[in-house]
Amino acid sequence: ESLEELIEFRRQAHVELAQTDTVGVERGMLRPNDLAWQRRLESAGLVEVHGHYIPGHSLKESSVGASPEDVTRFERVLGIVHPRANVRANPTNNDVRDAMHIATAIRYGYQGLVTTDHDVLKATAAIATEFGGFRLMLPSQAVAWVTREVAHRKRVKEARAKQMKFLG
């Protein structure tokens, strides 16, 4: 239900939603079943942002070359989200992809990442501190946040209209 609300906010141009290219890799790994198709449909039509190439986790054709900042950001995110993981000690595929999603969203200046992965959500405060308030949110939290933002924008617009009318 919350995902549907976020899609509606997008249709109304209140929020931009995107998916990382890692989603496509993960979706391609799912066996062709109802869940795989449901996941593909959920992300259909979203802007796709491309993260840096990591062998075994990315598609070369949908990735970008890694800058030193990309590598550092990825390693910092991985260390925060999965502190037991170490880039040089073979982190799990899931650990790497969690970090890829977050690092890619930060790379492109998005304000947050919507997830239902409770292991990832445990790092919410640390990620926000380390990356300038970047949010990790459940879909319901994202809906509440966008709702507050839309109401705030409306109040600002109304106040400006009153001000302009007063200045005449």
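Which residues does Phe 134 touch, not counting residues up to four places away in sequence? The views below take this up first. The structure is a predicted model: local features need pLDDT of at least 70, side-chain atom pairs count only at pLDDT 80 or more, and totals for chains, interfaces and linings use all residues. Residues are numbered from 1 along each chain as its sequence is written, and side-chain values use heavy atoms, without hydrogens and water.

**View 1. Phe 134 and its contacts.** Phe 134 touches Ile 102, Ala 105, Ile 106, Tyr 110, Gln 111, Gly 112, Leu 113, Ile 127 and Ala 128. Contact means heavy atoms within 4.5 Å.

**View 2. The largest nonpolar core has 21 residues.** Such a core joins buried (under 20% relative accessible area, 1.4 Å probe, protein chains only) Ala, Val, Leu, Ile, Met, Phe, Trp, Tyr and Cys residues through side-chain atoms within 4.5 Å. Phe 74, Val 77, Val 81, Ile 102, Ile 127, Phe 134 and Leu 136 touch the most other members. Helices α4, α5 and α6 (118–121) each give two or more residues. Helices are DSSP runs (H or I, at least four residues), numbered from the N terminus. The most come from α5, with seven residues. Another core, of 10 residues, lies apart; Leu 46, Ala 142, Trp 145 and Val 146 are among them.

**View 3. His 82 in a loop.** His 82 sits between α4 (68–81) and α5 (93–107). His 82 is buried, because its relative accessible area is 3%. Its side chain makes a polar contact with the side chain of Asp 98 (2.7 Å). A polar contact pairs N or O atoms within 3.5 Å; within protein, one must be able to donate a hydrogen and the other to accept it, and residues adjacent in sequence count only if both atoms are side-chain atoms.

Notes
Buried < 20%, exposed > 50% of the residue type's maximum accessible area, 1.4 Å probe, protein only.
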